Amino acid sequence: MPQDSSQPVRPHRVAVIVDGGTNPFEVGVATELFGLPRPELGLPRPLYAVTLCAPTPEVRMNHGFFTLAAVPGLEAVDEADTLVVPGRPDNVVPRGPEVLDAIRRTHARGARVVSFCTGSFALAEAGLLDGRRATTHWLWADTFRKLHPEVRLEPDVLFVDEGDVLTSAGSAAALDIGLHIWRRDHGAEIANAVSRRLVFAAHRDGGQRQFVERPLPPVPDESLGPLLAWAQERLGEPLTVADLAARAAVSPATLHRRFRARLGTTPLAWLTGERVALACRLIERGEERLDVVAARSGLGTAANLRARLRRETGLSPSDYRRRFGPEPARTSGSAPSGSIPTGSATAGSVAPGSVPPGSVMIPPGRGTVPA
């Protein structure tokens, strides 16, 4: 994990708008991800602090399941570093002008704005998505297009990261985009620790489809868990899809179908993603020799490591190390042979849209491994 010296002096402030009719699940996801203590990280201070805010002190949640009382007013957004806008089921009903104004002024001063599920309707109403990529729940995609034709809707993905504005798909995708934010802010190792606590996949590609389009078999396939654990212990070895199939005692075609049904990706894409995640952890722990990182992560060569890391994260190895790696005392002089080169680019210098189509930058654009 990045050393404690790299952590912020104060927690990153997250405000969550709870408008009338808001879905309780997504509010719960925001508080679970960013509001609870994280003793598993072993850090002396929390990294995030959550505040709920609303246009009225009492808010009746979706279907009247319960009412929140004594909720702070929308002025709380003025102190937020990130604003989360959960979804509502009545998406054709415009949001109140005070809510839209809160969203606009939060974005105008440079804070990050994130929507969960159909919260993207509110972001579009506020004008934040004009001409930009966004997603929403697939069930509401046609309605969204009709109401907001100026938005470049991508209805089949889990989330879209446009840097300062992020949108996610159906309710469970709030967890995906939340862990993506953890990864973007604090690196792969911390995000993985949070995901383990949640018992949730550490990183599902943003470009992964929202749902499996064929019905599930009446008898579930055998769990992939033992195979995945076996492969994760051997990422540095020259594993192939054929090796995974042989280990599972099935044909490569059968293994491909199981991965698609259970993980929503292919065996090769999963294996590559695990290797990139391991490479990120090695860099975060201080390994500067690209050839060592490439060999230990199974990516083979330094050139392949550079290409894969940039495709996954939008950053070069040196930029990733500067953003997420430890910060030991630097000595003057030339870098050791085989070390990650240092240049003038900074971790935030990758412009949105500079990654090939079909990719999702992790910081700071959209991110997916092509299947």
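Arginine 13 and glutamate 79 are joined through their side chains by a salt bridge of 3.8 Å, N to O; a salt bridge is a side-chain nitrogen of Lys or Arg within 4 Å of a carboxyl oxygen of Asp or Glu. This pair links distant parts of the chain, 66 residues apart, with arginine 13 in strand β1 and glutamate 79 in the loop between β4 and β5. The model is predicted, so local features need pLDDT of at least 70 and side-chain atom pairs count only at pLDDT 80 or more, while totals for chains, interfaces and linings use all residues. Residues are numbered from 1 along each chain as its sequence is written, and side-chain values use heavy atoms, with hydrogens and water left out.

**Salt bridges**

- The structure holds 22 salt bridges.
- Aspartate 81 and arginine 10 also meet in a salt bridge, at 2.9 Å from N to O. These two residues are 71 residues apart: aspartate 81 is in the loop between β4 (67–68) and β5, and arginine 10 is in the segment before β1 (12–17). Helices (H or I, at least four residues) and strands (E, at least two) are DSSP runs, numbered from the N terminus.
- Arginine 10 counts as partly exposed, at 36% relative accessibility. Buried means under 20% relative accessible area, exposed means over 50%, and partly exposed lies in between (1.4 Å probe, protein chains only).
- Arginine 13 is likewise partly exposed, with a relative accessible area of 31%.
- Arginine 13 forms a salt bridge with aspartate 81, where the closest N and O atoms are 3.7 Å apart. Arginine 13 lies in strand β1 and aspartate 81 in the loop between β4 and β5, so this pair ties together parts that are 68 residues apart in sequence.
- Through shared partners, salt bridges join Arg10, Arg13, Glu79 and Asp81 into one network.

**Positive phi angles**

- Most residues other than glycine have a negative phi.
- Alanine 70 has a phi near 55 degrees, which is a positive value in a residue other than glycine. Alanine 70 is placed in the loop between β4 and β5 and counts as exposed, at 70% relative accessibility.
- Cysteine 117 is not a glycine, yet its phi is positive, at about 55 degrees. Cysteine 117 lies in the loop between β6 (112–115) and α3 (120–125) and counts as buried, at 6% relative accessibility.

- Val92, Val93 and Leu147 make a nonpolar surface patch of about 250 Å². Patches are made of residues with over 30% relative accessible area and no salt bridge; like charges are joined within 9 Å, and nonpolar side chains (Val, Leu, Ile, Met, Phe, Trp, Tyr) within 5 Å. Accessible areas come from the Shrake-Rupley method with a 1.4 Å probe, and for residues only the protein chains shown count as cover.
- Valine 92 is found in the loop between β5 (82–85) and α2 (97–108) and is exposed, with a relative accessible area of 57%.
- Leucine 139 is in the loop between β7 (133–134) and α4 (141–147) and is exposed, with a relative accessible area of 58%.
- Leucine 139 and proline 155 are 16 residues apart in sequence, and their C-alpha atoms are 9.0 Å apart in space.
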